[in-house]
Amino acid sequence: MEGVRVGNRMIGTQAPVTIGWENIPKVEGGPLKRLFFTWFQPAVLFGLLAFWYYAPNTIAKASTAIGIGIGFNLLLLALEWVNPRHQSWQLTWKELATDLFYVGLGYTLLRIVGYYIGSDTMIDSAQHFFHWDKLLWFTALPLLVQAFLISFIFDFGQYWMHRAMHNWYPLWLPHSVHHYITQFNINKGAVGNPIELFLIGLGVGGFFDFLPRAALLAGVFSVAVGTYQHVNVRFNSPRWWRFLFYTTEHHSVHHSQDYEATRSNYSGHFIFIDRMFGTCIDGEAELLGMEGGRRMSIREQMTYPFTEGWKTLKERYGRSADREPMAVPAE
């Protein structure tokens, strides 16, 4: 494959990657269908922002946010059947069972672990030890500004954590498991080794103090932007949306079978962060995964970082030991 030059890199030399928005297929059908799949994403984003901004305190609470998140996921699951991005990504019962296992893991074990050793707990300990105060002046900012900063601060940290996972081998080992997924569906973001899922959720937001309503508003960006990362739905996203926000297209490039393409699009909500640091590639890929699209079992996903790490250590230090001259026993 010849590939396409993007900056100083050749993209698509190992596997097909479509580069440029003008080369990505559009939603086909009548005017109503095209209107729906063009403005669905902006309408949901601004609708949820308005809801959380004006909702009474009796409704504006975490349980409501959880219910909205579950309902939105079910809606997108239905849209995956109505207007799939790729037929090859159609959800099967085997894929659904695997996804639900990891969703359950996230709501149980990972939530418990995060409660005891998550970023907020570590930040609280550090503040108590060093007698630091939170940045209380953030609460004086306009509510929507607070909401944006919460989301941006988290995504900025996630960008660098994600980028480090692709550039430092010890972090790559747990993260690599997530790159063995071979298709996108609504719950694929939950699939991965528990160590990686824990690390990618760390943030520094605990150093700041925000109003509770601002935190709920910030959650809108996770629901109405971040959820689309792994969804199998074809959208005609407006150009300004694709410039500012992370899309399925961006994440499919990151998960492609082409190595150079995977070293791009590290953010989760705001693709302009990648644009700031020169790691954004606008495009799309259908063939996903590693080792030619090999699918990992749940058992291998759980043990791979440890078995592969042990294998690497044996290869590195075992060969060094083999090269050492054997001691000659004394007569």
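Residues 24 or more positions apart account for 77% of the contacts in the protein with a separation of 6 or more, a contact being heavy atoms within 4.5 Å. The model is predicted: local features need pLDDT of at least 70, side-chain atom pairs count only at pLDDT 80 or more, and totals for chains, interfaces and linings use all residues. Residues are numbered from 1 along each chain as its sequence is written, and side-chain values use heavy atoms, with hydrogens and water left out.

The protein has 14 helices and 4 strands; these are DSSP runs numbered from the N terminus, helices being H or I of at least four residues and strands E of at least two. Of its 331 residues, 46% count as buried (buried, under 20% relative accessible area; exposed, over 50%; partly exposed, in between; 1.4 Å probe, protein chains only).

The largest nonpolar core holds 41 residues, of which Phe40, Leu45, Leu76, Tyr228 and Phe235 touch the most other members. A nonpolar core is here a set of buried Ala, Val, Leu, Ile, Met, Phe, Trp, Tyr and Cys residues joined through side-chain atoms within 4.5 Å. H9 gives the largest share, 8 residues. Not counting residues up to four places away in sequence, Leu45 touches Val220, Phe221, Ala224, Val225, Trp241 and Phe245. A second, separate core of 14 residues includes Val17, Leu105, Ile181 and Ala285.

Side chains of opposite charge can pair when their charged atoms come close. A search of the whole structure finds 12 salt bridges, each defined by a side-chain nitrogen of Lys or Arg within 4 Å of a carboxyl oxygen of Asp or Glu. One of them joins Asp99 and Lys188, with an N to O distance of 3.0 Å. Asp99 belongs to helix H3 (residues 93-107) and Lys188 to the loop between helix H7 (169-176) and helix H8 (194-200), so the pair ties together parts that are 89 residues apart in sequence. Asp99 and Lys188 are both buried.

Another salt bridge pairs Glu284 with Arg234, whose closest N and O atoms are 2.9 Å apart. This pair links distant parts of the chain, 50 residues apart: Glu284 is in strand E4 (residues 283-284), and Arg234 is in the loop between H9 and helix H10 (239-244). Glu284 and Arg234 are likewise buried. In the salt bridge between Glu308 and Lys311, the closest N and O atoms are 3.6 Å apart. Glu308 and Lys311 both lie in helix H14 (residues 298-323), 3 residues apart, about one turn of the helix. Lys311 is partly exposed, with a relative accessible area of 43%. Salt bridges that share partners join Arg85, Arg234, Arg242, Glu249 and Glu284 into one network.

Grid points are joined across faces, edges and corners, and a volume is the space filled by probe spheres set on the points. The structure holds 1 cavity of 30 Å³ or more. About 90 Å³ of space lies in the largest cavity. Its lining residues are Glu95, Thr98, Asp99, Tyr180, Ile181, Thr182, Lys188, Val191, Arg295, Met296 and Gln301, of which H3 contributes the largest share, 3 residues. This lining divides into 4 nonpolar, 3 polar and 4 charged residues (Ala, Val, Leu, Ile, Met, Phe, Trp, Tyr, Cys and Pro count as nonpolar, Asp, Glu, Lys and Arg as charged, and the others, Gly among them, as polar).

The second largest pocket has a volume of about 280 Å³. It is lined by 15 residues, of which His166, Trp172, Tyr259, Thr262 and Met290 are the closest to its centre. The lining of this pocket comprises 3 nonpolar, 9 polar and 3 charged residues.

Asn265 has a positive phi of about 55 degrees although it is not a glycine. Asn265 is placed in the loop between helix H12 (259-262) and H13 and is buried, with a relative accessible area of 0%. Glu291, also not a glycine, has a positive phi of about 55 degrees. Glu291 occurs in the loop between E4 and H14 and counts as exposed at 53% relative accessibility.

Definitions and conventions:
On a 1 Å grid over the protein atoms alone, a cavity is a set of points where a 1.4 Å probe fits but cannot get out, and a pocket is an open set with protein on both sides within 12 Å along at least five of seven lines; lining residues have an atom within 4 Å of a point.
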